[in-house]
Amino acid sequence: MAPAYFSPETASLATELYQQVAHLPLICPHGHVDPRLFAEPDYPLGTPVDLLVIPDHYIFRMLFSQGIPLESLGIPRRDGATVETDHRKIWQIFAEHFYLFRGTPTGIWIRDELRDVFGISEKLNGQNATAIYDQIAAKLAEIRPRQLFEQFNIEVLATTDAATDSLSYHRTIQKSGWRGRVIPTFRPDVVVNIDRPDWHESIQQLNEVTGSDIRDFSTYLRALQNRRAYFKSLGATSTDHAALTAYTEWLSATEADAIFQRALQRNATREDAQRFTGHMLIEFARMSLEDGLVMQIHIGAYRDHNPRIFEWFGRDKGADIPVSAEFTRSLKPLLDQVGNHADLTLILFSLDESTYSRELAPLAGHYPALKLGPPWWFFDSLNGMRRFFDLVVETAGIYNTVGFNDDTRAFPSIPARHQMWRQACADWLAGLVQRHIIDRSDADEMVVDLAYRLAKQAYRLD
Amino acid sequence: MAPAYFSPETASLATELYQQVAHLPLICPHGHVDPRLFAEPDYPLGTPVDLLVIPDHYIFRMLFSQGIPLESLGIPRRDGATVETDHRKIWQIFAEHFYLFRGTPTGIWIRDELRDVFGISEKLNGQNATAIYDQIAAKLAEIRPRQLFEQFNIEVLATTDAATDSLSYHRTIQKSGWRGRVIPTFRPDVVVNIDRPDWHESIQQLNEVTGSDIRDFSTYLRALQNRRAYFKSLGATSTDHAALTAYTEWLSATEADAIFQRALQRNATREDAQRFTGHMLIEFARMSLEDGLVMQIHIGAYRDHNPRIFEWFGRDKGADIPVSAEFTRSLKPLLDQVGNHADLTLILFSLDESTYSRELAPLAGHYPALKLGPPWWFFDSLNGMRRFFDLVVETAGIYNTVGFNDDTRAFPSIPARHQMWRQACADWLAGLVQRHIIDRSDADEMVVDLAYRLAKQAYRLD
Amino acid sequence: MAPAYFSPETASLATELYQQVAHLPLICPHGHVDPRLFAEPDYPLGTPVDLLVIPDHYIFRMLFSQGIPLESLGIPRRDGATVETDHRKIWQIFAEHFYLFRGTPTGIWIRDELRDVFGISEKLNGQNATAIYDQIAAKLAEIRPRQLFEQFNIEVLATTDAATDSLSYHRTIQKSGWRGRVIPTFRPDVVVNIDRPDWHESIQQLNEVTGSDIRDFSTYLRALQNRRAYFKSLGATSTDHAALTAYTEWLSATEADAIFQRALQRNATREDAQRFTGHMLIEFARMSLEDGLVMQIHIGAYRDHNPRIFEWFGRDKGADIPVSAEFTRSLKPLLDQVGNHADLTLILFSLDESTYSRELAPLAGHYPALKLGPPWWFFDSLNGMRRFFDLVVETAGIYNTVGFNDDTRAFPSIPARHQMWRQACADWLAGLVQRHIIDRSDADEMVVDLAYRLAKQAYRLD
């Protein structure tokens, strides 16, 4: 076994616990891998830079923070302006600045990925950049995404797909006879946020994919229900909803329709948009009660904080920044309606760790419908996981949490991320045993729950 | 000694420190035990479920969160609807779900209580549920609350009592000649929160118990002063005040009376209610300056968050959820008036741990009147205690804190809770000694201060 | 070596790492030492109380919190009322209450200072107070500030100076031929905060020191630019800005001038003041882009919270209390203008630790202009440092931080403070190595970066 991230005090017991789960299949119920990778057996993985640098905002945001222009890293400009195309040159820059990732999870993922997927044990730096590039490129010429999927021992991989997506890659995968389980997730943000510039276009798309004629709030709801059924038919078990805040509000049918009409006529106000989003979260929770899709809510990212980056490079370019969150008051209208339903599963994610012990754990430790997602985004790290356990479990227990999801766009980093989680679990549980808070037999069950069973159950992946 | 919650690194020194305080009497200056238990020598403790499940919202909130209806746990309905009455059946449900409490303080308390009070060393589960029920029931048939009080080595136990309470049980206890010290605490929330539906009724009760004729703000204040004197005469040394926020504001006599009149006429607004509560916190602080009662303020619980639970089961049923808190600006009007008085003791409790280092420790490390209560409610746990020490002491020292209080409704859990605190103190102090932050002689004094002396002094229980 | 603040588990490796930096020169890029100390070679250090008690609000705020009047500690009254002048008596009080500092950084600094600067190894208490006073006094009679500066191995010491300051002591130091590097820092708060009672006076002073005739916003800006150039000419490499909140807003030239005119005419509103401060932060960032001065922003202290203390004793008397902070939205207007400039260095300090992982690390891990200052004020402690590392580095890396600054008014505490930081770094890094998060060669570089290089680079002190 490669060296593990255990504290010296817990290492011996943590190793024993970890070995029980190290080789369990990976449950990946939430993430952003492109399903196209698996649609055709021969889909190519590209260069080392295509695979490891260009799609990974964790990496290029750090380089950018130290003054390296995104253009020099090959990140495509929306206006078609020239960016670096020499991937060896980009790799050299990355390698020379790899020291920036010391002590970060990104540094660990990259190192573990190079070692475990590409057989590279040297630490990346400016001197060995070319040699390592060649080694990775050679390996990439040999392997295909489906092989990696199997080699990674992935039991199920959920992608995240716009409500208007045709899911054509998913259909192709399912028809192909390949045994890998890749399923979609219904994400309706673009058709819900009436203040988005592309909202009208997305409603038009929704009309097309559902054969609807959306002209009021009720035809809109019907189209969404229709769409959820389509996602379910292709294996989806969950939906995903992102919002800046957890604000919810139940509007009367008249109010909801009035806002919807204003939106159609491009007259909606910013307040309309917030209220509409808040209302739709409740509508979606009610739909979940009916169709059984697990509902995920991701709260707290201020998207596209840097206008220059957005203008030049678009969304998801490392310029999303968290804001403080509030759940107790904000979710009350939603919980008043559906919180007591044990057959609903509503999974909350937060970018504000101060809400873990103050709001999220007390809420999840009471409402049957609520469960807590694992540490998200900036907190998907060894310290982030430890804080999550320490702040959440004493109030909510582990059985109101849902295990792990890697939430990644970087397909080859999946095993490294699950390994980090599983080691963090083993380390934490070993500490509980040593402090006589739980006994060894508890730990033996809990480590499997956290590494595998909770995610499978919560996302209804049986 | 039973296994302790010490880290392996500190265990040896922590054990030495703990042994110095393990057998000190328990100071219980704040809690919610029913004084009736001690009014008659033969008061029965009921079934295991009466004692351990039905009164403990920590327990049934967790079971409820996993979809178990409160009715099936025997929690009485306000409307008299049928609930489970077979306590063996309830116990079976509890036992089958005891695994939910893995890693929680409730799990530790129950385990320690079963072991130390009832002599049960097996881990509770579905298989041994009946046998353990029988063992507890047999013990409960033998013992009485006063015996437990003595066996627990409780030096003093403060209850929490509505300002309008007759304190008849306290009078009975004191007349009975029993040597146990059980004292009341003056809690005026119900007569202060003018937006409560039962406010008028409680003012009427206040009239009755004080022989007053409350018709304006000054007669109201006089009735409260009168009542405080009565509580003092029965041994009270402190008052307790709960509020959603720490908002304080000093109103002119005219303003205060105008709001009071609107309240009497059922015309008070929500804003009136907030301002009145904020003003009354200052009035009570001024009364404390006069009569010497220690003032406790508990901030941050959104009460009765779940309307269905409130409607069917009432208050204190595990559906109170914290909200974020603010002290620096909110308490300023109060502190402007009384903060510099060293002869006032004002003890603050927070459910928002982000205020520990940011606001509470800096405030308590400056104002002579302020002290910090121990970690409260969801944070009365090993991690909660460690975070409290780590976040508060560097700025405020331990001498601006007030030791421990168990704040419990669950009488038999008192020793387990104090034991957890005392072990958490010993563990923390051992770490400080090992890191050469304090020396051993400091630790020897501090452990006794934290376990015993600080609570006794702060609550004026000498 | 004196005992170090290492955890037993990391002590061996941490000691090795620490020894690599223990004797490096001290970089002190931000602090509040009085430059007068170094202007003349024979400047006297005064009594032990002059040196250690009266200027140190960390010390007297703790004593005050326990009911000791500031008058009895010799803190001068603004109204000239009598305060204690017998320094032996003051020292006795301090010594008797030194136990209050158990577990606090102040307690550690004092102990280390007494040991390393004054050769005193006994723990201060009421019994040995006089003997220790005599020992310190004897030493103080012998040494002078410049000698201490050299003995402390200070490479550079930056003071903090009002924009209107003549910097006469700095000029004297530079002319004196002494080789110690003492440089000023440009702090314009008093001429920026238009709601300060002394604002008009400070504008008058600004006129005088710059030979300006400030009558509108543009003459005001020119005077400030002029002043920055003067500070630079005396060695300044940075500016410092304190504000209650991080609010920024870009005003049009017309708006800015309108507010400025209202301020001149004493008609500015509170809202004007906030907007003006928010605008000036952006103006200063733009000036930094031009003149290359590093810009520091300290956010979140509610100044002079205790009106009685302010009235009697003035500013900086231990009565500043943090408030919650917000950066993501507040700094956006500033970052929209200058955030992408890699040649600007903007260093943020926060008193709200909940912003570390939620806002500050994500911002600094993206924007080229942003870096994070070390834990500040109440958090300049072992736990504060560890929380900073644990919350910030995983997202921002260490290369978006700026090492340490002692930020102290207490000159002789400088070595103790740097030692604490360096040991905290070594301890943290040793833990990372042990958990295989970084390797030993990474740690060897990082410890020097954190102890020395990062501060030197970020503050452009090469």
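How many residues of chain A are in contact with how many residues of chain C? Contact here means heavy atoms within 4.5 Å. By that rule, 46 residues of chain A touch 42 residues of chain C. The model is predicted: local features need pLDDT of at least 70, side-chain atom pairs count only at pLDDT 80 or more, and totals for chains, interfaces and linings use all residues. Residues are numbered from 1 along each chain as its sequence is written, chains are lettered from A and ligands numbered from 1 in the order in which they are written, and side-chain values use heavy atoms, with hydrogens and water left out.

The interface of chain A and chain C comes first. The size of an interface is often given as the accessible area lost when the parts come together. Buried area is that loss for two parts, found with a 1.4 Å probe and summed over both. Chain A and chain C bury about 3,700 Å² between them. Carbon and sulfur atoms carry 53% of it. Five salt bridges cross this interface; a salt bridge is a side-chain nitrogen of Lys or Arg within 4 Å of a carboxyl oxygen of Asp or Glu. One of them pairs A:Asp352 with C:Arg358, at 3.2 Å from N to O. On the side of chain A that touches chain C, the elements giving two or more residues are α4, α6 (105-116), α15 (307-313), β9 (321-322) and α18 (382-396) of chain A. Helices (H or I, at least four residues) and strands (E, at least two) are DSSP runs, numbered from the N terminus.

The next interface joins chain B and chain A. It takes 46 residues from chain B and 42 residues from chain A. The buried area is about 3,700 Å², and carbon and sulfur atoms give 52% of it. The rule finds five salt bridges here. A:Asp439 and B:Lys123 form a salt bridge through their side chains, at 2.9 Å from N to O. Only 4% of the interface residues of chain B are also interface residues in chain A, so the copies meet through different surfaces.

The two chains are related by a rotation. Turning by 120°, with 0.0 Å of shift along the axis, superposes chain B on chain A with an RMSD of 0.0 Å. In chain B, the C-alpha nearest the axis belongs to B:Ser354, 3.7 Å away.

Helix α4 of chain A spans residues 57-65. Nine of its nine residues are buried. Buried means under 20% relative accessible area, exposed over 50%, and partly exposed in between (1.4 Å probe, protein chains only). Among the buried residues are A:His57, A:Phe60 and A:Arg61. At the helix start, a side-chain oxygen of A:Asp56 comes within 3.0 Å of the backbone nitrogen of A:Tyr58. Just after the helix, A:Gly67 takes a positive phi of about 95°.

B:Tyr399 lies in the loop between α18 and α19 (414-434) of chain B. Its relative accessibility is 10%, so B:Tyr399 counts as buried. Beyond its neighbours within four places in sequence, its contacts include B:Lys371, B:Met446, C:Gln66 and C:Tyr99. Side-chain polar contacts of 2.6 Å join B:Tyr399 to B:Asp449 and to C:Arg102. A polar contact is a pair of N or O atoms within 3.5 Å; within protein, one must be able to donate a hydrogen and the other to accept it, and residues adjacent in sequence count only if both atoms are side-chain atoms.

Conventions:
Copies are superposed by least squares on the C-alpha atoms of residues with pLDDT of at least 70 in both.
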